[in-house]
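Have the coordinates open while reading.

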Amino acid sequence: MAYLQESLQILLFLIFALGGAYRFFQPIDVLAKRMLWVKYFNPRIVRSIALLEVICGIGIILPFLLI
């Protein structure tokens, strides 16, 4: 139970940061085939969402690394 918070922080970091990085570096055409919502948005918006996911993932794990 003592490691539950650290485990959840690492899990959320992996979900947000790696998922966002995947969407950030994939071509828009490939993303549009896998995720239907991508074709309704400007590519800059899709990249911005992916970048925000990476920043949120870093923000989740940053307190774990600094304490």
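Which residues make a nonpolar surface patch of about 720 Å²? Met1, Leu4, Leu8, Leu11, Leu12, Ile15 and Phe16 make this patch. The model is predicted. The protein chain has 3 helices and 0 strands.

**Overall fold**

- Along the sequence, the pattern reads α-α-α. The radius of gyration of the protein chain is 14 Å, well over the 11 Å that the globule rule gives for 67 residues, so the chain is more spread out than a compact globule.
- Taken along the principal axes, the C-alpha atoms fill a box of roughly 45 × 20 × 15 Å.
- Take the contacts in the protein chain between residues at least 6 apart in sequence: 58% of them join residues at least 24 apart.

**Surface and burial**

- The protein chain has an accessible surface of about 5200 Å². Carbon and sulfur atoms account for 73% of that surface.
- Of the 67 residues, 19% count as buried.
- Leu12, one of the patch residues, is found in helix H1, which covers residues 4–25. Its relative accessibility is 37%, so Leu12 counts as partly exposed. Patch residues need over 30% relative accessible area, and Leu12 has 37%.

- Leu62 is found in helix H3, which covers residues 43–66.
- Is Leu62 buried or partly exposed? Leu62 counts as partly exposed because its relative accessibility is 40%.
- Leu62 and Gln9 are 53 residues apart in sequence. In space, their C-alpha atoms are 9.3 Å apart.

**Salt bridge**

- Side chains of opposite charge can pair when their charged atoms come close.
- How many salt bridges does the count give? The count comes to 1 salt bridge.
- Glu53 forms a salt bridge with Arg23, and the closest N and O atoms are 2.8 Å apart. Glu53 lies in helix H3 and Arg23 in helix H1, so the pair ties together parts that are 30 residues apart in sequence.
- Why does Glu53 count as buried? Its relative accessible area is 19%, and buried means under 20%.

Notes: Residues numbered from 1 in each chain as written. Predicted model: local features only at pLDDT ≥ 70, side-chain atom pairs only at ≥ 80, totals over all residues. Heavy atoms only, no water. Patch = residues over 30% accessible without salt bridge, like charges linked within 9 Å, V, L, I, M, F, W, Y side chains within 5 Å. Areas by Shrake-Rupley, 256 points an atom, 1.4 Å probe, with all protein chains shown as cover. Salt bridge = Lys/Arg side-chain N within 4 Å of Asp/Glu carboxyl O. Helix = DSSP H or I, 4+ residues; strand = E, 2+ residues; numbered from the N terminus. Buried < 20%, exposed > 50% of the residue type's maximum accessible area, 1.4 Å probe, protein only. Rg over C-alpha atoms; globule rule 2.2 N^0.38 Å. Contact = heavy atoms within 4.5 Å.
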